[in-house]
Amino acid sequence: PRVPMIRMFKIKRTLAFAIPTLCDATATTLLNVGLFYTFASTYQMLRGTLVLSTGLFTLLILKRRLFLHHWLGMVLIMA
């Protein structure tokens, strides 16, 4: 009974990293395809909004509080 639990733990641990990795690879691919069809300046501006949207999703979906240094960091990245 101990061996299947260890195996299940390894599968869960692998999926915990594999799913976000696949999402990031997909997003990077789509951003690069978008870069092909738009100006570099527009691409950079849109890429900067990713940080802000991630912060907003952290508030709305994860219900986590962002502190002042988080907001300041996002503003500095957007500037």
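## Aromatic pair

Rings of Phe, Tyr and Trp (its six-membered ring) count as a pair if their centres lie within 6.5 Å; planes under 30 degrees apart are called stacked, those over 60 edge-to-face, and the rest tilted. In this predicted model, local features require pLDDT of at least 70 and side-chain atom pairs pLDDT 80 or more, while totals for chains, interfaces and linings use all residues. Residues are numbered from 1 along each chain as its sequence is written, and side-chain values use heavy atoms, without hydrogens and water.

A search of the whole structure finds one aromatic pair. Phe36 and Tyr37 form this edge-to-face pair, with 5.1 Å centre to centre and 85 degrees between the planes. Both Phe36 and Tyr37 are exposed (buried means under 20% relative accessible area, exposed over 50%, partly exposed in between, with a 1.4 Å probe and protein chains only).

## Nonpolar surface patch

A nonpolar patch on the surface is formed by Leu52, Leu56, Phe57, Leu59, Leu60, Ile61, Leu62 and Met78, which together have about 740 Å² of accessible area. Areas come from the Shrake-Rupley method with a 1.4 Å probe; for residues, only the protein chains shown count as cover.

Helix H2 (residues 40-60) supplies the largest share of the patch, five residues. Helices (H or I, at least four residues) and strands (E, at least two) are DSSP runs, numbered from the N terminus. Leu59 lies in helix H2 and counts as partly exposed because its relative accessibility is 30%.

## Loop residue Lys63

Lys63 is found in the loop between H2 and helix H3 (68-78). Although Lys63 is not a glycine, its phi is positive, at about 55 degrees. Lys63 is exposed, with a relative accessible area of 68%.

Definitions and conventions
Patches are made of residues with over 30% relative accessible area and no salt bridge: like charges are joined within 9 Å, nonpolar side chains (Val, Leu, Ile, Met, Phe, Trp, Tyr) within 5 Å. A salt bridge is a side-chain nitrogen of Lys or Arg within 4 Å of a carboxyl oxygen of Asp or Glu.
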